[in-house]
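Open the structure in your viewer and keep the selection panel at hand. The stops below go through helix pairs and then the ligand.

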Amino acid sequence: GQSSCPRRRQTVVASLKVAVAGGGLGGLAVAGALLQKGFDVRVYEQASSYKPFGGPIQVQSNALALLQDINESLTRAISADGTATGNRKSGIKDGLSDAWYCQFDTGAPAKKRNLPLTHVIDRPKLQEALAKFVISQSPRAIRTSSRVVGYCNHADHVDVLLENGTTESADVLVGADGIWSSVRAQMHGEDARSSASYSGYHCFTATCKYVSEDVDEISYKIYLGKKQYFVASDVGQGRVQWYAFLGRPAGSETQGEKLGFLSSKFDGWSPEVQEILNATEEGEVEARDLYDRAPFVRKGWIDERVVLLGDAAHPMMPNLGQGGCMAFEDAYTLASSLGELGSNASRDQVHQALERYQRKRFGRTAIVQGLAQMSSNLLFHYERLATGGVQAFLGWGVFWSTIGSVIVGGSMPLVLDFLYVNLVDATEQRTSDIPESPTKAWATVKASSRQN
Ligand SMILES: Cc1cc2nc3c(=O)[nH]c(=O)nc-3n(C[C@H](O)[C@H](O)[C@H](O)COP(=O)(O)OP(=O)(O)OC[C@H]3O[C@@H](n4cnc5c(N)ncnc54)[C@H](O)[C@@H]3O)c2cc1C
């Protein structure tokens, strides 16, 4: 509570000072956007340095449009380092029979709204592009080895408490410290270590050298099976990123080699799934339990001068590839709301700006959390949806499979229509001119990949 916080004098500054807890995707994006608007920004990141970690990530059309509006050259760097996937179709296949269940087009809904096409980019490259964008505007804005452990709200400022015992003061604190957020833990009066719930699903992932036969037409495929599914996405430079999702209890250990375990789990599946697993190095495979949370309807995202953003505000399942994209949308919206404040904004005005941000973001992110959860359940219960559990009756499998295909195939365009909106202020909307980076040399890449 406020009464137990020691008083410190706030120095008078020319622009509002914003402290950001967490220098991940959302934290760096909001820092970059706020610096552009003239704010004094500090990012406190717990890691000692940005190490290359994590595979490729989809930056979808809705998020790329906002990054483009924040800074054109940042977006060009992402497009140049990444690979366009929105210029080809995505689809769902039956894992065992390899038959197409449905296909959908992510490019058309983007083009309809003048949005750039979805790209995939290696997470470390994306992180580096965002960090460079921040540092180019304020060389000392990012402080590494700085773990935020709490905060104290005061009438005219907020104190940010760091693990090393020091305190920094700011006008606003943004909690962008991810799914296990310490800022949210204090705001909601809960323990950070138990503040997310296990989804029931375990995920293995890796990137390997592999080029599909149909890479020029299809960039993203989901193979469905009973209580498990496999996702393969072209990520450029002759590589595929894959995910294997299995229903398992939290903390399940995999005995022996992960690839051997997965090969047996996906035994008899599409030859492509087996080929991709065979092309993967054991050391490349990462495994993790997946956690999420229902929307924080009662507790919200704001405590006086403190506000949540990204996974701290709305942890979600990764199925839609929208967690980071929602963090970028948050960053854009929060920077716009705070951008309306003058440098001597009162406590009430700051609070109102944070409330405007929450009002604009809460409903949309809650729906995306719900859609991600729903699609995850739907994919896991594929057999039931496809066959209705009545395989014993000849012909029913085909009937339910058709119904399932109509439901999934028919709902995907609606989901994409909802996701791919242009949140850039209407007056500033423009036609996307982000180049559709490399897909041209596939024939060569395919040939050399087959030789290796
Ligand atoms: C398997 C998988 C695949 C995914 N694929 C996609 C995809 O394709 N597209 C997409 O958009 N999203 C994807 N996501 C989701 C995406 O990774 C997250 O939504 C995104 O990283 C959230 O950004 P964030 O900044 O909120 O949190 P994070 O990126 O987690 O960043 C939080 C940062 O805060 C730091 N930190 C934590 N605690 C503290 C503290 N107390 N003090 C200071 N610093 C702290 C951390 O070190 C970290 O740097 C995927 C997620 C998973 C698990």
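At roughly what angle do the axes of helix α1 and α5 cross? Select residues 25-36 for α1; its axis and that of α5 come within 9 Å and cross at roughly 25°. Axes here are lines fitted to C-alpha atoms, for helices over the stretch in contact, and angles run from 0 to 180 degrees between N-to-C directions. That makes α1 roughly parallel to α5, a label for angles under 35 degrees, while those over 145 count as roughly antiparallel, 65 to 115 as roughly perpendicular and the rest as oblique. Helices are DSSP runs (H or I, at least four residues), numbered from the N terminus.

This is a predicted model, in which local features need pLDDT of at least 70 and side-chain atom pairs count only at pLDDT 80 or more, whereas totals for chains, interfaces and linings use all residues. Residues are numbered from 1 along each chain as its sequence is written, and side-chain values use heavy atoms, with hydrogens and water left out.

Stay with this pair. The crossing of α1 and α5 is left-handed, meaning that the near helix is turned anticlockwise from the far one by less than a right angle; clockwise would be right-handed. On the α1 side, residues in contact (heavy atoms within 4.5 Å) include Leu25, Leu28 and Ala29. On the α5 side, Arg123, Leu126 and Leu130 are among them. The residues of this contact divide into 11 nonpolar, four polar and one charged.

Next, select residues 72-81 (α3) and 123-137 (α5). Their axes come within 10 Å and cross at roughly 160°, so α3 and α5 are roughly antiparallel to each other. This crossing is right-handed. Leu74, Ile78 and Asp81 of α3 meet α5 residues including Leu126, Ala129 and Phe133. Six residues of the contact are nonpolar, none polar and two charged.

Now move to α2 (residues 61-70) and α9 (residues 323-339), whose axes come within 9 Å and cross at roughly 35°. The crossing is left-handed. Among the residues that meet are Leu66 and Ile70 in α2, with Phe328 and Tyr332 in α9.

Finally, select the ligand. Which distances can be checked here? A backbone N or O atom of Gln58 is 2.8 Å from a ligand oxygen atom. For Asp311, a side-chain N or O atom lies 2.8 Å from an oxygen atom of the ligand. Gly323 places a backbone N or O atom 3.4 Å from a ligand oxygen atom.

Terms used: Helices (H or I, at least four residues) and strands (E, at least two) are DSSP runs, numbered from the N terminus. Ala, Val, Leu, Ile, Met, Phe, Trp, Tyr, Cys and Pro count as nonpolar, Asp, Glu, Lys and Arg as charged, and the others, Gly among them, as polar. A polar contact is a pair of N or O atoms within 3.5 Å; within protein, one must be able to donate a hydrogen and the other to accept it, and residues adjacent in sequence count only if both atoms are side-chain atoms.
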